[in-house]
Protein chains: 2
Amino acid sequence: MAKLKGNCIVAQSGGPTTVINSSLCGVAQEARKHACITGVYAALNGILGVLREEIFDLGKEKPSTIAGLRRTPAAAAGSCRYKLRTLEDNREDYERILQVFEAHDIRYFFYAGGNDSMDTADKLSQLAAEGGYELRVMGVPKTIDNDLACTDHCPGFGSVAKFIATMSMEAGRDTEALYTTDTCTVLETMGRNAGWIAAAGGCAQRDPEDAPHLVYVPEVPFDMNQFVTDVKTVLKKYKRCFITASEGIQDKDGNYIAEIGGGFAKDSFGHQQLGGVAETLREIVENKVGVKCRSNKLGTCQRNAMHFASKTDGDEAYRVGATAVKEAVKGTTGKMVTLVRTSNKPYKCTTGLADLMDVANGERKIPRDWMNKEGNHITKKMRDYITPLMAGEVKIAVGKDGLPVFARFKKSFLKKKCSTWDKA
Amino acid sequence: MAKLKGNCIVAQSGGPTTVINSSLCGVAQEARKHACITGVYAALNGILGVLREEIFDLGKEKPSTIAGLRRTPAAAAGSCRYKLRTLEDNREDYERILQVFEAHDIRYFFYAGGNDSMDTADKLSQLAAEGGYELRVMGVPKTIDNDLACTDHCPGFGSVAKFIATMSMEAGRDTEALYTTDTCTVLETMGRNAGWIAAAGGCAQRDPEDAPHLVYVPEVPFDMNQFVTDVKTVLKKYKRCFITASEGIQDKDGNYIAEIGGGFAKDSFGHQQLGGVAETLREIVENKVGVKCRSNKLGTCQRNAMHFASKTDGDEAYRVGATAVKEAVKGTTGKMVTLVRTSNKPYKCTTGLADLMDVANGERKIPRDWMNKEGNHITKKMRDYITPLMAGEVKIAVGKDGLPVFARFKKSFLKKKCSTWDKA
């Protein structure tokens, strides 16, 4: 097959992660190796940047900036939560994207994101084919939630897992030191529907007396009376209790536990914005168990902890980005690069490909037997699965002030060639 | 002077820190070098362990465990929040302590803690002198709040400063990436009366567009209207706003801002337990500025972040512990070891001594000109003061599972020789 000549564009979508910039780096560095890819561009704030024709030239960035992406968290090109509706409802947005692509001779589109982004990428791929515009579209997996279908795990997860487990260990020692007064602690993790992040916290427990003593995930219905009993049982044994819980835990009827505690809102995808689980559980412990309890909510800190990121995760994030480019140059389109674990001890992982639609329509939750019978801690299956993903540390740059040094794009924008778009 | 022969005991008090175990290590390793110190003991849970006669022998711990304290956060001997009342109100507690000391021939007492602990140590020192019991009492400074009098800074502060600044940088990049939707973020820090920790967050801002854009401390009265104006001004410039705020910020009448948001309780010292500042400010931003805002509350994670601790802080914590022993052996008593900065560029620090009473009765707050005129960010004076304290990283042990490895005492308790005590 003759190689498709043209520019490429990369975009980042959804919640930032510690290593999504490593994927961007993988795309950018690999793209420069292929003569058929003439220019390497990035969209500002994901697909919004394409719609707004806010596109900057990665070729104008210093190579050291590009290299520095591997030790820079969040999303250096900017991310977005803009969800394109269905093709029928919103054909104009998709057509606008193709119009912008055509105006800048963009023939390769690399989209790093979760299932909503894979859905967008798939529709673009279809529409381009229908319109006879040759475009290679590749998905690059990204989500801290680790809930994408078709891949063994998701870049971003290993680092948040390592951080949450480390925080559980460290704050767990605090509870251990102060058990005579501050007897319980709740650590809240992200995870709307899937409990992988909270489960990772469970890996901190190497010995039964280690924190966390209890782990709650959305996949197992939460029962308040059972919770009170669980906490009392742990207190009897260890005089202290450390709890790691997902923001999305629900009762058997699907009601969010965080709702008991208050504040709720919806994001622009229509997903509920959770965030009160630690406070809610703290109140339950203080009122129904009768001991002092503290709450910790790491929030957006957990998904950007580059200073102690997993090297395995960072390397794999780079690899899925680079692989997406290699595949696209070979002629692959409409696929997401996946991670395929070929061996666990020693850990070995290679890449594969999945149809964008299969990823878009899927969701991967915790299998029931990866949590214990009581539903309040992880089993060996879970530990064996997560442990290799946290291995190694990314070597970061630290300044004379003792703080990390991150890269930031200077952003040389392309001259606009299309009409103005200001829908969002 | 003839050297005082007998056993020594070390105890840890108050909120845990990343490096209080480094001080314990300094005491234990130095004590073994002096023949006059026959046994090296630790009290379980601070002064409570002395009152309860729960004392364990550090000589029975492996040397590798003792050495491992330098990379173990929290308080390995256990801490407490038990406050002894005045000598007049509670003479029996103090006498009990001396009785336990005498029963175990304890002649050296090293107490790592804040000003309440220095008060306890001072009273013990007085009572022992009155009763003719030869006892050397030395205070070892410890507090993340950095509010102790008579010392340039406090062990524990450099590490929490490094962590809060790093979290501000990292979560700041998240806000930068998602400014089109998640426009503001509030990071809440500890700090009841003194704003040093929140101020440390300010050091993350190397460039005006860096997070945090706004820093609020308890020393500057908080005005809600001014806050709303501040946020709007930042948003106009940078399209995003990252706020680092101390849990203890107050309005001009001394009302805690966290109180607006709800939940309050008092600890056993009669101090108010704060904790809703991030949520309160988030609500103000969403309601009065009208943009989406996220809240992060690191809670007890911030004071135990050994995985990215400041080497300067860890080394100084060790040094104040070791110096306390050297001084006590020389005959010093009733003093706390202080840190004395002799040069800032290059940073040089030595140790000094202060009367326990002067520390107990003092409190060190942020000088007004270390914050800017608007009271919403730090000045160069503050940055120059904090920066050297964050320098370097403690080298921790990491297991095959990618997670830190901490030390834990096996705790060989001494046989009890006194009557039972069960007041607390």
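This is a predicted model: local features need pLDDT of at least 70, side-chain atom pairs count only at pLDDT 80 or more; totals for chains, interfaces and linings use all residues.
Buried residues make up 67% of the 424 residues in chain A, where buried means under 20% relative accessible area, exposed over 50%, and partly exposed in between (1.4 Å probe, protein chains only). Local features need pLDDT of at least 70 and side-chain atom pairs count only at pLDDT 80 or more, whereas totals for chains, interfaces and linings use all residues; side-chain values use heavy atoms, with hydrogens and water left out. Residues are numbered from 1 along each chain as its sequence is written, and chains are lettered from A and ligands numbered from 1 in the order in which they are written.

The radius of gyration of chain A is 22 Å, which agrees with the value near 22 Å for a compact globule of 424 residues; the radius is taken over C-alpha atoms, and the globule rule is 2.2 Å times the number of residues to the power 0.38. Along the principal axes, the C-alpha atoms of chain A fill a box of roughly 70 × 50 × 40 Å. Among contacts in chain A between residues at least 6 apart in sequence, 77% join residues at least 24 apart, a contact being heavy atoms within 4.5 Å.

Chain A has 13 helices and 13 strands; helices (H or I, at least four residues) and strands (E, at least two) are DSSP runs, numbered from the N terminus. In strand 6 (residues 184-189) of chain A, 6 of the 6 residues are buried. Both faces of strand 6 of chain A are covered, with A:Cys184, A:Val186 and A:Glu188 buried on one side and A:Thr185, A:Leu187 and A:Thr189 buried on the other. Strand 6 of chain A runs parallel to strand 8 (residues 241-246) of chain A and is joined to it by 6 bridges; two strands pair if DSSP finds at least two bridges between them. The bridge partner of A:Cys184 in strand 8 of chain A is A:Cys241. Another 5 bridges join strand 6 of chain A to strand 11 (residues 293-297) of chain A, also parallel, and A:Glu188 stands opposite A:Lys297 in strand 11 of chain A.

A:Leu339 is found in strand 12 (residues 335-344) of chain A. A:Leu339 is buried, with a relative accessible area of 2%. When residues up to four places away in sequence are not counted, A:Leu339 touches several residues, including A:Thr151, A:His153, A:Val320 and A:Cys349.

In chain B, 7 strands form an open sheet of mixed pairing in the order 3-2-1-4-5-12-13. Strand 3 (55-57) and strand 13 (347-355) of chain B are the edge strands, each pairing on one side only. Strand 2 (residues 37-43) and strand 3 of chain B run antiparallel and are joined by 3 bridges, with B:Ala42 opposite B:Phe56.

Helix 6 (residues 157-177) of chain B has 21 residues and reaches 30 Å from its first C-alpha to its last, close to the 30 Å expected at 1.5 Å a residue; the expected span is 1.5 Å times one less than the number of residues. Helix 6 of chain B is largely enclosed by the rest of the structure, because 21 of its 21 residues are buried.
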